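Subject: Structure handover

Hi,

Here is the structure I promised to pass on to you. Have a look at it first, and then read on for what turned up.

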Amino acid sequence: EDINLIMPTQPIEGVLGLSKPIVDTPRSVTVLSSDLIDSLSIRNSEDIARLVPSTYSNFRFGLQGNVNVRNVTSDFYFRGMRRIDPQGNWRTVFAANDSIEIVRGLPSPIFGLGRIGGYMNFNPKTARLGKTGKYL
């Protein structure tokens with residue numbers, strides 16, 4: 001039993017682009033579920049750097065910076081779609097995500113070119129019903 005909600009039981013699609021359980025993927029992955037984000041009160045990139053191995057965050061003039069994975073600024077994906085790299089500092093609300101996947105190493109060839117350090121995949125919360133796609 002996983003009382004701390006650390007190991008996800010559902011298949012993760014954002015790691016390899018395929019819907020596979022996290023145990024069957026050949027990558028080093030940390031998945032922060034919404035329950036884990038709430039229970040550990042993760043609010044900024046410094047909190048992620050304290051929890052996820054091989055990551056750190058720099059601060060410029062007291063503002064939070066990007067999350068670096070394996071000493072390289074990480075790529076950013078939202079629901080598996082790559083987004084523009086935020087240069088310098090950016091502000092985000094980590095509690096507004098359903099889950100955050102931090103993958104160490106190269107992205108899957110399905111995602112295209114990426115940085116060798118790793119990437120973060122944000123799955124924001126939505127007001128939709130399961131797999132039907134209807135709004136509440």
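Of the 136 residues in the chain, 40% count as buried. Please keep in mind that this is a predicted model. The chain exposes about 8300 Å², with carbon and sulfur atoms supplying 55% of that area.

On the fold: there are 2 helices and 8 strands, and along the sequence they follow the pattern β-α-α-β-β-β-β-β-β-β. Among contacts with a separation of 6 or more, 54% come from residues 24 or more positions apart.

Strands β2 (residues 55–60) and β3 (residues 63–69) run antiparallel and are joined by 5 bridges. The hairpin leaves 2 residues between the strands, and F61 in the turn has a positive phi of about 55°. R60 has L63 in β3 as its bridge partner.

S57 also sits in strand β2. S57 counts as buried because its relative accessibility is 16%, and the cut-off for buried is under 20%. Its side chain makes a polar contact with the side chain of S45, at 2.8 Å. Beyond its neighbours within four places in sequence, S57 is in contact with S45, E46, A49, G65 and N66.

Now to the charged side chains, where the structure holds 4 salt bridges. In general, side chains of opposite charge can pair when their charged atoms come close.

Which residue forms a salt bridge with R82? The partner is D75, and the closest N and O atoms are 3.1 Å apart. D75 counts as buried, at 2% relative accessibility, while R82 is partly exposed, at 38%. D75 also forms a salt bridge with R115, with the closest N and O atoms 3.6 Å apart. R115 lies in the loop between β7 (97–104) and β8 (118–124) and D75 in strand β5 (residues 75–78), so this pair ties together parts that are 40 residues apart in sequence. R115 is partly exposed, with a relative accessible area of 26%.

Elsewhere, salt bridges that share partners join E46, D47 and R50 into one network. Within it, the side chains of R50 and D47 meet at 3.5 Å, N to O. Both residues lie in helix α2 (residues 45–51), 3 residues apart, about one turn of the helix. R50 is exposed, with a relative accessible area of 63%, whereas D47 is buried, at 18%.

Note on methods: Residues are numbered from 1 along each chain as its sequence is written. This is a predicted model: local features need pLDDT of at least 70, side-chain atom pairs count only at pLDDT 80 or more; totals for chains, interfaces and linings use all residues. Side-chain values use heavy atoms; hydrogens and water are left out. Two strands pair if DSSP finds at least two bridges between them. Helices (H or I, at least four residues) and strands (E, at least two) are DSSP runs, numbered from the N terminus. Buried means under 20% relative accessible area, exposed over 50%, partly exposed in between (1.4 Å probe, protein chains only). Contact means heavy atoms within 4.5 Å. Accessible areas come from the Shrake-Rupley method with a 1.4 Å probe; for residues, only the protein chains shown count as cover. A polar contact is a pair of N or O atoms within 3.5 Å; within protein, one must be able to donate a hydrogen and the other to accept it, and residues adjacent in sequence count only if both atoms are side-chain atoms.
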